[in-house]
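Reader: Please walk me through this model, feature by feature. I would like the general idea, then the case at hand.

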Amino acid sequence: MAFDKILGQEKPKQIIKNALQNSSVAHAYLFYGPESIGKKQTAIELAKALNCTSLIEGNACDECSSCRKIENKTHSDFFFIEPVKSTPTAREAAIKIEAIRELQRKLSFHPYEGKVKVAVIDDAHLMNIQAANSFLKTLEEPPSATVLILISSHPFKLLPTLISRCQTIQFQALSHENIRKILEETMVEEGIEENTLNFRTLRSRGSVSKAMKEDMEDVANIRKEIVTLLETISFDRMDIVFSHAKSWAQQNDQWEIIFNELMELVRDLAFFRTGCTDSQIHNRDIATRLKPLALKRSLKSWIEMFNAVHATKMALSGNANAQLFFENMLMDFCEAA
Ligand SMILES: [Zn+2]
């Protein structure tokens with residue numbers, strides 16, 4: 001796949017194409033920006049272009065054995081590192097020092113079948129501190145004929161010393177138009193309806209995986225539940241506080257959706273309260289229900305609720321007593337109401 005087939009990302013693609021054309025490809029890059037917008041695809045495309053045996057106007061041909069092997073991650077000079085979980089039930093995946101040491105060993109050899117060795121570290125911010133320090137040595141003394149590409153959606157979590165040794169390239173969230181194109185191409189076989197297509201595009205925030213994977217039924221149900229809650233919650237209805245706190249505390253597989261929807265809805269309500277138009281609202285499709293609700297409370301109340309949600313989300317990323325924290329959050333809602 002040529003660079004031009006990667007949707008959006010005009011600036012990153014231009015920077016890389018120029019570097020290839022002028023033979024000024026850097027030793028190390030950091031591709032950063034939101035998740036699922038084309039960073040990894042661009043890194044693979046760069047690896048292919050650096051090793052392709054029949055380049056077509058600076059683009060990899062996709063046909064030669066080098067291109068095919070890199071695409072399938074079987075090329076002996078292409079290394080792809082990503083975080084792994086230490087056990088299947090582990091909460092967080094990480095890139096550990098063993099993986100970095102193994103990479104360093106492989107990078108110490110000359111290219112075996114290609115021209116340039118390319119190592120891609122996906123989710124580089126998930127390198128643990130030992131791994132990051134070890135990788136820093138490779139960045140400080142890069143092996144010959146090697147290009148290192150770090151990919152991250154949370155670059156601020158990377159060691160500043162790592163960042164300073166890379167050429168940084170920022171990737172932007174995709175436009176709604178491009179997200180729609182990708183959804184149309186990939187989901188048309190599933191018979192995606194026009195309404196769903198619009199809804200998914202609207203909610204994507206420019207991320208392909210969010211647009212494709214989100215469980216629309218779950219989202220619709222939770223959103224309905226939250227809007228009803230926000231319409232009715234007050235100190236006169238403590239039954240609502242306790243029943244929601246109890247049920248949410250038990251559904252820890254749904255916390256991410258619950259928090260996301262709470263934040264998005266309360267954010268939209270605060271925006272409507274300040275007189276924003278529909279174009280700035282994420283939950284545009286239910287604007288007629290949100291507008292009157294927004295006016296029921298002050299802007300200060302909506303902001304207080306937003307802060308309560310944020311604080312609870314942070315607290316629950318530890319081992320806090322979930323029901324207690326949800327109760328606390330909803331009491332803050334009552335206070336703000
Ligand atoms: Zn090729």
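Reader: In which sense do strand 2 and strand 3 pair, and over how many bridges?

Author: Strands are DSSP runs of E, at least two residues, and helices are runs of H or I, at least four residues, numbered from the N terminus. Two strands pair if DSSP finds at least two bridges between them. Here strand 2 and strand 3 (residues 117-121) pair in the parallel sense over 4 bridges. Phe80 stands opposite Val120 in strand 3. The model is predicted: local features need pLDDT of at least 70, side-chain atom pairs count only at pLDDT 80 or more, and totals for chains, interfaces and linings use all residues. Residues are numbered from 1 along each chain as its sequence is written.

Reader: What is the strand order of the sheet?

Author: The order is 2-3-4-1-5, in an open sheet of 5 strands with parallel pairing. Strand 2 (78-81) and strand 5 (167-170) are the edges; each has a single partner strand, so one side of each lacks a neighbour in the sheet. Neighbouring strands are turned by 15 degrees against each other on average, direction ignored.

Reader: Which strands does helix 2 touch?

Author: Contact means C-beta atoms, placed from the backbone, within 7 Å. Angles run from 0 to 180 degrees between N-to-C directions, with axes fitted to C-alpha atoms, for helices over the stretch in contact. Helix 2 (residues 39-51) packs on the sheet and touches strand 1 (28-32), strand 2, strand 3 and strand 4 (146-152). Its direction makes about 170 degrees with that of strand 4.

Notes: Two residues are in contact if their C-beta atoms, placed from the backbone, lie within 7 Å.
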